[in-house]
Amino acid sequence: MSLTQREAFARLMEHMCRHDGGSGHGYSQANRMGDGTVEWVDLGDGVKVSVAGGDRDCSSAVVTCLRAVGVDTYGATYTGNMREELLRTGLFAWHPMGDGYVAQRGDIYLNERHHTAVCTCAGPDTLAQFSRSETGGITGREGDQDGHESNIRSYYSYPWDGKLAWLGDGKALGGTVSDVADMTDPDLGDTRYWGRKFTRALQGQRGTTVDGIVSGQCERWLDHMPAIDRSTLDLSGRGSMVIGSCQRLWGVEDDEIYGEQSIKAHQRWLKANGYDPGEVDGYHGCSTNQAMAKALKDGAYRG
């Protein structure tokens, strides 16, 4: 019997939550997309997948595991957009809590503001999740230091808003399913997403303070940044030196806020310099980020 995407996803989440110790997968919001290494995981039934090594938070664990088994997760990056973006796949239906639907293996529980977990067993209901670092906070040493940063436990009410339920089992998998092996860079991590490693590289090339944080950005523009990790953004609205410096490079007003017009200017600048960001649409998605990664590797932001 072929391994389906649904079952492969559940097995991979179980692996991520049980692969403990210093070489395993712990909890981090600061380094939630991995450490720039690649781990190959044998899921059984002749299927191997690749995932980024290192830590996750609750939502990045779910998204990266789905991508690893061949699901296009579109712009899903955090709990606040997972419902909308994963429904676009056509693989899931939304069931609000209390509608009578009983979660099955591989279904995703979601609190759209704070947390997500994966059902690994329908009876009794068990959840695979990334919970907190060994410090009790949002980051710590790489790996699961105490066996509880990522965990599989009996069902509890977070409370959840609802469940993203598989409509079927997805497609059958066979052989090697490669997701991140060709998209992971040791200096930048997963090149589809702008995280703190991207910010540090950009700050270094623009000669500003190197701290991995894009300060002073506006929450109103978050929907235009589906491929920018929220762990690298400060949303105080005061502006950022590195964004202002880049705006001068891109030839747009240097108000230090990365909004729609600045994203378009960035995309035009990438295109003019031989890096294809896809459509110039004012949305910093994965294709824009992969073009940005190539420009960073070439040192193009030094101007």
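Predicted model: local features only at pLDDT ≥ 70, side-chain atom pairs only at ≥ 80, totals over all residues.
Local features here need pLDDT of at least 70 and side-chain atom pairs count only at pLDDT 80 or more, while totals for chains, interfaces and linings use all residues. Residues are numbered from 1 along each chain as its sequence is written, and side-chain values use heavy atoms, leaving out hydrogens and water.

**View 1. Helix 5 crosses helix 6 at roughly 55 degrees.** Here we look at residues 241–250 (helix 5) and 260–272 (helix 6), whose axes come within 9 Å. Helices (H or I, at least four residues) and strands (E, at least two) are DSSP runs, numbered from the N terminus. Axes are lines fitted to C-alpha atoms, for helices over the stretch in contact, with angles running from 0 to 180 degrees between N-to-C directions. From helix 5, Gln 247, Leu 249 and Trp 250 meet Ser 262, Ala 265, His 266 and Trp 269 of helix 6 (contact means heavy atoms within 4.5 Å). This contact has 4 nonpolar, 3 polar and no charged residues. Ala, Val, Leu, Ile, Met, Phe, Trp, Tyr, Cys and Pro count as nonpolar, Asp, Glu, Lys and Arg as charged, and the others, Gly among them, as polar.

**View 2. The largest pocket holds about 420 Å³ of space.** Its lining has 19 residues, and Gln 29, Tyr 78, Thr 79, Arg 113 and Arg 230 are the closest to its centre. Helix 2 (58–68) and helix 3 (79–87) are the elements that give two or more residues to this lining. By class, the lining of the largest pocket has 4 nonpolar, 7 polar and 8 charged residues. On a 1 Å grid over the protein atoms alone, a pocket is an open set of points with protein on both sides within 12 Å along at least five of seven lines, a cavity is a set where a 1.4 Å probe fits but cannot get out, and lining residues have an atom within 4 Å of a point. Grid points are joined across faces, edges and corners, and a volume is the space filled by probe spheres set on the points.

**View 3. The second largest pocket has about 210 Å³.** Asn 81, Glu 85, Leu 222, Asp 223 and Pro 226 lie nearest its centre, among 16 lining residues.

**View 4. The largest cavity has a volume of about 120 Å³.** Nearest its centre are Met 33, Gly 34, Leu 188, Gly 195 and Arg 196, from a lining of 14 residues.
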